[in-house]
Each structure stands twice: as structure tokens, then as C-alpha cells.
Amino acid sequence: MVSILAVDDSASMRKMVSFTLKTAGYEVQEAEDGVEALEKAKAHTFDCIVTDVNMPNKDGITLIRDLRQLSQYKYVPMLLLTTESSVEKKQEGRAAGATGWMVKPFNPDQLLKTLLKVLD
Amino acid sequence: MSVDMTQFHAELFEECLGYLDAMKTDLESIDLNAFDAEKMATIKRGAHTIKGDCAMFEFTTVSDYAKIMEMLLGEMLEHHKETNTANINAMLESVAYVRNMITTLQDKGTLDGETAAAHSAKLQAMIS
């Protein structure tokens, strides 16, 4: 089963993303910031990371940058979910190693379609 | 795939109220003589999260208003707008208004569009 790590400091968002992914048949673990996500990602290698950008302790872009330093995450798809739509932020995400970028608000179907694309 | 988004509403509202409490506490503890960028960034992140989360759950009246709050807090953070008593009080009033909107939604009430538009216009006028 494809395993995904869903990272967001907002519990309602995290639960919504997690529920959507589990309903679609994915195995999901949750983390509430980049620090917790990095710990979980070291303990278990996920097939995909879905993370918010703006979080306390460690933001999503730094998380992706840190994960890309780990050999097991060199080619794992990583999606950023954010309200930021600026070109600069997107470039920052790309430079850090993000595979894709989804601007909030999005609906569950859009999330699943994007995931299918990056997991293909 | 159809996901019943209403199952997350109770959690969303509680979360927003928590952010608003934290924003209020931080705003009230700002020392006007010693600008604390970290504290201001935390307050701004509160508005940012409310904006994003409420937009996700299609509470656009709240998210549109929180967006203006975030812009104003951003101006204070970047020193384009002075962090003075008047601006802090305006932010505290905004926090109270968002709290009012959230509790209305929590009680299954409907937000009054005209009141929201008036509040938004007042806040928008403060943007540099």
C-alpha cells in the first residue's frame, strides 16, 4: 500500500487531507510541523510527502530541503499545499526540491488527481 | 470522490478560536517601545492560517476578511505601517469581529453580508 505523510499545523486541514487519502486507499501518517515530520520520515520511509508551507518550528519548504538531503528521499514525490501563489515562493519550493504545488483552496478530488500525477 | 467536509467544521471552529485567543494575547502584550518581529510574525501567521483554513472549507467571508488582516499585519511586520496603539487596537477589534463570525457559524447562524462588507471596507482603508 502506498504510504503518505500528511503535514499541517492545522488539525482540521490535516484531518481533511488524511481522511481524503485514507478513503482513496492510501496509508497515511500525520505530523503537525516540519520537526515532527522529519522525525517520522526518518523512522519510516514514505512513498510521498504532502505538506503545508507556513508552519511553526519548521516550515514546509525547509522540511523538503532537509528531506532531500536524505538518500531515501532523493526521488520521493513531495507536494506543497499552500495559500501562497507568488512566483517567488513557487521558485523557492522548486529549488528546495518540491515535486508539485497546490494552492488552497482545493477540493479533495483535485488533491487526489494531483497525487496520482506525482505518484505515476 | 465525495467527502463530507462538514465533519471537520467543529474542529475548524475550535481551532480558529484558539488562534484568535493567541492573537489577542500577543497583540495585548506588544511593547510599543521594543518591536518584537517574532511576535508580530506569529500573529500574522494566525491570520494566515485562519484565511487558508476557512477558504478550504468555503467560509469565504471569514477568509476574505482574514486576508486583509494578514496584509495589515504584514505591513506592520515590514515597518510599512507603524505599530502604534491605534493600529494595535484596530487589530484587536478585527480579532473580536472574526471571533464573532466564528461563533455565529458554530451556532449554525448565517453571516450578515452587509456587516462583513462594512468591516472589510474599514480595514481595507487602513492598507498603505
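Two conventions apply throughout: residues are numbered from 1 along each chain as its sequence is written, while chains are lettered from A and ligands numbered from 1 in the order in which they are written. Because the model is predicted, local features need pLDDT of at least 70 and side-chain atom pairs count only at pLDDT 80 or more, whereas totals for chains, interfaces and linings use all residues.

I begin with the strands of chain A. Helices and strands here are DSSP runs numbered from the N terminus, with at least four residues of H or I for a helix and at least two of E for a strand. Strand β1 (residues 3–7) of chain A pairs with strand β2 (residues 27–31) of chain A in the parallel sense, over five bridges; pairing requires that DSSP find at least two bridges between the strands. β1(A) also runs parallel to β3(A), to which four bridges join it. A:Ile4 has A:Val28 as its bridge partner in β2(A). A:Ala6 stands opposite A:Glu30 in β2(A), and its bridge partner in β3(A) is A:Val50.

Together, β1(A), α1(A) and β2(A) form a right-handed β-α-β unit. Right-handed means that, with the strands pointing away from the viewer, the path from the first strand over the helix to the second runs clockwise.

How much of β1(A) is buried? Four of its five residues are, so β1(A) is largely enclosed by the rest of the structure. The classification counts other C-beta atoms, placed from the backbone, within 10 Å of a residue's own: 20 or more is buried, 12 or fewer is exposed, and anything in between is partly exposed.

I turn next to the interface. In total, 17 residues of chain A are in contact with 15 residues of chain B, contact being defined as C-beta atoms, placed from the backbone, within 7 Å. On the side of chain A that touches chain B, α1 (11–23) and α5 (108–119) each supply at least two residues. The largest share, eight residues, comes from α1(A). By type, the residues on this side of chain A divide into eight nonpolar, six polar and three charged. In that scheme Ala, Val, Leu, Ile, Met, Phe, Trp, Tyr, Cys and Pro count as nonpolar, Asp, Glu, Lys and Arg as charged, and the others, Gly among them, as polar.

Now the core. A nonpolar core is a set of buried Ala, Val, Leu, Ile, Met, Phe, Trp, Tyr and Cys residues joined through C-beta atoms within 7 Å. The largest one has 62 residues, and those touching the most other members are A:Ile4, A:Leu5, A:Ile49, A:Val50, B:Val62 and B:Val98. Helix α3 (residues 60–77) of chain B contributes the largest share of this core, eight residues. Setting aside neighbours within four places in sequence, A:Ile4 is in contact with A:Leu21, A:Tyr26, A:Val28, A:Phe46, A:Asp47, A:Cys48 and A:Val50.

In chain B, helix α2 (residues 37–56) has 20 residues and reaches 28 Å from its first C-alpha to its last, close to the 28 Å expected at 1.5 Å a residue. The expected span is 1.5 Å times one less than the number of residues. Of the 20 residues of α2(B), 15 are buried, so this helix is largely enclosed by the rest of the structure. One residue of helix α2 of chain B is B:Thr49, which counts as buried with 24 C-beta neighbours inside 10 Å. Not counting residues up to four places away in sequence, B:Thr49 touches A:Ser10 and B:Tyr19.

Finally, the backbone. Most residues other than glycine have a negative phi, and most peptide bonds are trans. Where is phi positive in a residue other than glycine? A:Asn57 is one such residue, with phi near 70°; A:Asn57 lies in the loop between β3 (48–52) and α3 (60–68) of chain A and is partly exposed, with 13 other C-beta atoms within 10 Å. B:His79 also has a positive phi, of about 65°. B:His79 sits in the loop between α3 and α4 (85–106) of chain B and counts as exposed, with 11 C-beta neighbours inside 10 Å. α2(B) is followed by B:Glu58, whose phi is positive, near 65°. As for peptide bonds, the one from A:Lys104 to A:Pro105 is cis, with omega near 0°, and A:Pro105 lies in the loop between β5 (100–103) and α5 of chain A.

How values were computed:
Contact = placed C-beta atoms within 7 Å.
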